[in-house]
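Subject: Structure handover

Hello,

Here is the structure I promised to pass on. My notes on what was found in it follow below.

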Amino acid sequence: PRKLPTSPMSQPQQELQQPPPTPTPEDSATNINETNDIDFAEQFQFLPLIMDILHAIEEEKSDINVARLVKKLQNQFDFCNKLLDNLPADDMGKEELMALYAQKEQELRQKRDLLLKYQELSLSSSVTDRSTDLEINT
């Protein structure tokens with residue numbers, strides 16, 4: 001068999017070196033509709049699993065181990081497919097999405113305007129408070 005070049009990035013992932021776990025297909029299969037807590041970028045990184053499979057084949061580990069890794073990759077594909085299916089507004093047409101975008105943009109403008117007014121109000125009241133403090137102290 002042909003040997004693949006090894007590099008630090010292509011080493012099989014060690015259990016101790018992994019970052020804290022994020023929701024996985026097994027962990028969040030029941031909470032697929034709660035996409036707010038899911039790190040999409042991490043869920044769609046298949047390369048580490050593929051590299052693990054290649055290393056297992058390269059090192060001629062047991063077929064059971066390779067099958068387990070392939071099953072894990074298949075589960076990850078299925079989970080990501082479900083994530084994509086449950087994204088909000090995936091069933092809307094272009095016109096509906098543009099109308100929703102315009103509505104959200106208008107809401108954002110209104111909130112920004114309110115924040116500016118509040119900041120101006122806070123600044124003017126603090127200036128007024130300081131001027132009254134100066135008048136009292138003099």
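Helices here are DSSP runs of H or I with at least four residues, strands are runs of E with at least two, and both are numbered from the N terminus. Leu 54 is partly exposed, at a relative accessible area of 34%. The cut-offs are under 20% for buried and over 50% for exposed, with partly exposed in between, using a 1.4 Å probe and protein chains only.

Please note that this is a predicted model, in which local features need pLDDT of at least 70 and side-chain atom pairs count only at pLDDT 80 or more, while totals for chains, interfaces and linings use all residues. Residues are numbered from 1 along each chain as its sequence is written, and side-chain values use heavy atoms, with hydrogens and water left out.

Leu 54 also belongs to a nonpolar surface patch together with Leu 47, Ile 50 and Ile 57, and the four have about 340 Å² of accessible area together. Patches take residues with over 30% relative accessible area and no salt bridge, joining nonpolar side chains (Val, Leu, Ile, Met, Phe, Trp, Tyr) within 5 Å and like charges within 9 Å. Accessible areas come from the Shrake-Rupley method with a 1.4 Å probe, and for residues only the protein chains shown count as cover.

As for the chain in general, it has 4 helices and 0 strands, in the order α-α-α-α along the sequence. It has 138 residues, of which 17% count as buried. Its accessible surface is about 11400 Å², and 57% of that belongs to carbon and sulfur atoms. Taking contacts (heavy atoms within 4.5 Å) between residues at least 6 apart in sequence, 68% join residues at least 24 apart.

There is a patch of negative charge on the surface as well, made of Asp 85, Asp 90, Asp 91, Glu 95 and Glu 96. Asp and Glu count as negative and Lys and Arg as positive, while His and the chain ends are not counted. The charge is placed at CG of Asp, CD of Glu, NZ of Lys or CZ of Arg. Glu 95 lies in helix α4, residues 94–137, and is exposed at 63% relative accessible area.

The structure holds 2 salt bridges, a salt bridge being a side-chain nitrogen of Lys or Arg within 4 Å of a carboxyl oxygen of Asp or Glu. One joins the side chains of Lys 104 and Glu 107, at 3.9 Å from N to O. These two residues are 3 apart in helix α4, so about one helical turn separates them. Lys 104 is partly exposed at 46% relative accessibility, and Glu 107 is partly exposed at 29%.

Another joins Arg 109 and Glu 105, at 3.5 Å from N to O. Both lie in helix α4, 4 residues apart, or about one turn of the helix. Arg 109 is partly exposed at 39%, and Glu 105 is partly exposed at 32%.

Lastly, Ala 89 sits in the loop between α3 (63–85) and α4 and is partly exposed at 24% relative accessibility. Ala 89 and Leu 100 are 11 residues apart in sequence, with 9.3 Å between their C-alpha atoms.

Regards
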